Amino acid sequence: MLNIKSENSNTAVVEVSRDLNELFHQMRIFQSRRRVARNDTKNPYIARWKPGTLLEIGKHAIVEPYATFGAGAKIFQVGSFSSVMSKFHTNASIGRYCSIASGVSIGGFRHPIEAVSMSSAVFNPHREFVNAYIEDIERSDGKDFHDKFQKVSVPQKGTNITIGHDCWIGSDVKLNRGIVIGHGSVIASASLITKDVPPYSIVGGNPGKIIKYRFPPELREALIESQWWNYELRDLHNLPLGNPEKFLLELSQVKSDLRPYSPQSKPLWDIIVTALSPASR
């Protein structure tokens with residue numbers, strides 16, 4: 001049974017149940033990171049989201065199998081073989097083979113530094129203290145003030161974060177809203193990232209700057225062009241993964257024989273509704 005607490009066109013909040021956790025188990029969507037010994041027959045599925053927990057799900061998020069949500073109670077788009085140990089908004093998009101440490105955070109709301117005042121009192125009549133002031137003034141004056149509120153324009157950047165394939169983000173990194181992190185990039189711990197990160201760059205500092213690139217330009221371009229993350233992992237392990245140049249050479253020789261990796265591509269929300277709604281029982 002699916003217990004929907006609230007929903008809109010983009011997100012839904014549901015109460016976690018044993019059935020929902022069992023569905024996550026079947027789909028190979030993990031909720032915690034742990035080391036498992038080979039052939040461990042006592043390897044229970046660890047449900048970090050206990051029954052009764054309120055879980056917010058991005059309705060358009062595609063969650064591929066073999067992904068781990070290690071923090072928070074929000075589900076966003078994550079590709080296979082990615083471990084995400086930090087909280088993200090439901091409209092975030094994270095590619096395959098990413099390693100994201102704990103403590104990564106998204107920058108807060110941008111106040112209007114260009115205006116006379118940066119306070120919510122000049123742009124947001126819905127904040128609790130501003131709304132209380134408006135109500136008191138309207139009560140004392142007997143005149144409408146809400147419609148005369150100026151609502152100073154605030155430059156907006158979406159809350160979405162887009163992270164490419166095979167990225168490594170260290171602990172306690174702060175990311176500005178709306179940025180794109182390119183394939184294969186590395187962000188050092190405790191960095192402040194205020195703008196897009198180029199593919200295969202190593203970035204660090206406050207504010208973050210490019211320290212160096214992992215590979216020379218031609219090798220970076222070849223790795224991106226190969227789209228190796230779109231092939232079966234078992235086939236990739238037949239290639240020299242520790243040597244990028246040799247890997248690309250052998251990949252080009254056997255590419256036609258490699259099996260494409262094509263997991264399910266439906267939004268997770270659609271799968272949940274189909275599996276757990278009363279009509280499906």
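The model is predicted, so local features need pLDDT of at least 70 and side-chain atom pairs count only at pLDDT 80 or more, while totals for chains, interfaces and linings use all residues. Residues are numbered from 1 along each chain as its sequence is written, and side-chain values use heavy atoms, with hydrogens and water left out.

The protein chain holds six helices and 19 strands. Both are DSSP runs, numbered from the N terminus (helices: H or I, at least four residues; strands: E, at least two). The C-alpha trace spans about 80 × 55 × 30 Å along its principal axes. Of the 281 residues, 40% count as buried. Buried means under 20% relative accessible area, exposed means over 50%, and partly exposed lies in between (1.4 Å probe, protein chains only). Among contacts with a separation of 6 or more, 45% join residues 24 or more positions apart. A contact means heavy atoms within 4.5 Å. The accessible surface comes to about 15,800 Å². Carbon and sulfur atoms hold 52% of that surface. Areas come from the Shrake-Rupley method with a 1.4 Å probe; for residues, only the protein chains shown count as cover.

The chain carries 34 positive and 27 negative side chains. Lys and Arg count as positive, Asp and Glu as negative; His and the chain ends are not counted. The centres of the two sets lie 5 Å apart. Each charge is placed at NZ of Lys, CZ of Arg, CG of Asp or CD of Glu.

Glu218, Glu221, Glu225 and Glu245 form a negative patch on the surface. Patches are made of residues with over 30% relative accessible area and no salt bridge; like charges are joined within 9 Å, and nonpolar side chains (Val, Leu, Ile, Met, Phe, Trp, Tyr) within 5 Å. Helix H3 (residues 217–226) gives the most to this patch, with three residues. Glu225 is found in helix H3. Its relative accessible area is 66%, so Glu225 is exposed.

Side chains of opposite charge can pair when their charged atoms come close. A salt bridge is a side-chain nitrogen of Lys or Arg within 4 Å of a carboxyl oxygen of Asp or Glu. The count comes to nine salt bridges. One of them joins Asp136 and Arg139, with the closest N and O atoms 2.9 Å apart. These two residues are separated by about one helical turn, because they stand three residues apart in helix H2 (residues 128–141). Asp136 is partly exposed at 43% relative accessibility, whereas Arg139 is exposed at 60%. Arg127 pairs with Glu128, the closest N and O atoms being 2.9 Å apart. Arg127 is partly exposed, at 31%. Glu128 is exposed, at 52%. Arg234 pairs with Glu232, and their closest N and O atoms are 3.7 Å apart.

Two further residues were examined for contacts. Pro51 sits in the loop between strand E3 (29–30) and strand E4 (54–58). Pro51 is partly exposed, with a relative accessible area of 48%. Leaving aside neighbours within four places in sequence, Pro51 contacts Val16, Arg18 and Asn21. Glu15 is 36 residues from Pro51 in sequence, and their C-alpha atoms are 7.2 Å apart.

Leu192 lies in strand E17 (residues 192–193). Leu192 is partly exposed, at 21% relative accessible area. Not counting residues up to four places away in sequence, Leu192 touches Lys174, Asn176, Gly205, Asn206, Pro207 and Gly208. Val36 is 156 residues from Leu192 along the chain, and 34 Å separates their C-alpha atoms.
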